[in-house]
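This briefing concerns the strands of one protein model and the way they pair. Please have the sequence and the structure at hand while reading.

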Amino acid sequence: HTAWSIPQRLPTAGNNPQGDTYLLPHVDGNGTVWTPITNFADKSTLTSILLDNSTDGGVSWNSVSTVVHNVVAPPLTYPNTNFRDGIEDTFAVGPTKVNGSYPLYVAWEDYSIGFGNLILSASFDGGKSWSAPIQINDNANAAIDAVQPNLTTAADGTVLVAFYDRRLACPTGPEAVAAGLGLDPNKPAGATNYCINASLQAYSAS
């Protein structure tokens, strides 16, 4: 491959440039490179998710929009366990155009109620505007954590969000033994908002 280009600072739409992290670059069918930027306010748990793009293969970059402002980020370590938080948000680009543009999808963690929920928004006009956010996890009890969403799109445009959640109580009896819960010094069989499961939620491209 050719030599790597000289690193450059991406535009941050007037936000604090010292708090930018979590670049997740994707390329759409036109060759446009897109990446969200997670901007942490100085000495704060509030974050904003910004969107940049490049139409010349990364030579120059443009600030496109702010996906969402003032998201309450989760703590570094979740209650009950030593399970650590990962990346605040996730990003995907659809494989086929919707209303003339390749759809863009962003999901993020929201801790505004003191427990982790996962939120999803989409753009169908090149990132200029974003759909009303919807909650991905559907746990009946609000006092349950859902964490670390991971977005992708299938060949037919289906949007898939994989995530960890604690909506199911820890197993008991033989299932708890098989799961190795006896090795946990807290003996969590039957505990709520403790054991971690993997979930998958699907949406249409639109």
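In this predicted model, Ala107 has Leu120 of strand 8 as its bridge partner. That pair belongs to an antiparallel pairing of strand 7 with strand 8 (residues 117-123), which extends over seven bridges.

**Strand 7 and its side chains**

- Strand 7 spans residues 104-110 and is mostly covered, with seven of its seven residues buried.
- In a regular strand, side chains alternate between the two faces of the sheet.
- Leu104, Val106, Trp108 and Asp110 point one way from strand 7, whereas Tyr105, Ala107 and Glu109 point the other way.
- The residues of both sets are all buried.

**Partners of strand 7**

- Strand 6 (residues 89-93) runs antiparallel to strand 7 and is joined to it by five bridges.
- Within strand 7, Trp108 is the residue that stands opposite Asp89.
- Strand 7 also forms a hairpin with strand 8, and six residues lie between the two strands.
- Gly114, in the turn of this hairpin, has a positive phi of about 90°.

**Asn117**

- Asn117 is located in strand 8.
- Its relative accessible area is 9%, so Asn117 counts as buried, the cut-off being under 20%.
- The side chain of Asn117 makes a polar contact of 2.8 Å with the side chain of Asn137.
- Leaving aside residues up to four places away in sequence, Asn117 touches Trp108, Glu109 and Asp110, among others.
- Further residues touched by Asn117 are Gln135, Asn137, Asn139 and Ala146.

- Seven bridges connect strand 11 (residues 159-165) with strand 12 in the antiparallel sense.
- Tyr164 has Ala198 of strand 12 as its bridge partner.
- Strands of a sheet pair through backbone hydrogen bonds, in either a parallel or an antiparallel arrangement.

Conventions:
Residues numbered from 1 in each chain as written. Predicted model: local features only at pLDDT ≥ 70, side-chain atom pairs only at ≥ 80, totals over all residues. Heavy atoms only, no water. Buried < 20%, exposed > 50% of the residue type's maximum accessible area, 1.4 Å probe, protein only. Helix = DSSP H or I, 4+ residues; strand = E, 2+ residues; numbered from the N terminus. Pairing = 2+ DSSP bridges. Polar contact = N/O pair within 3.5 Å; in protein donor to acceptor, adjacent residues only side chain to side chain. Contact = heavy atoms within 4.5 Å.
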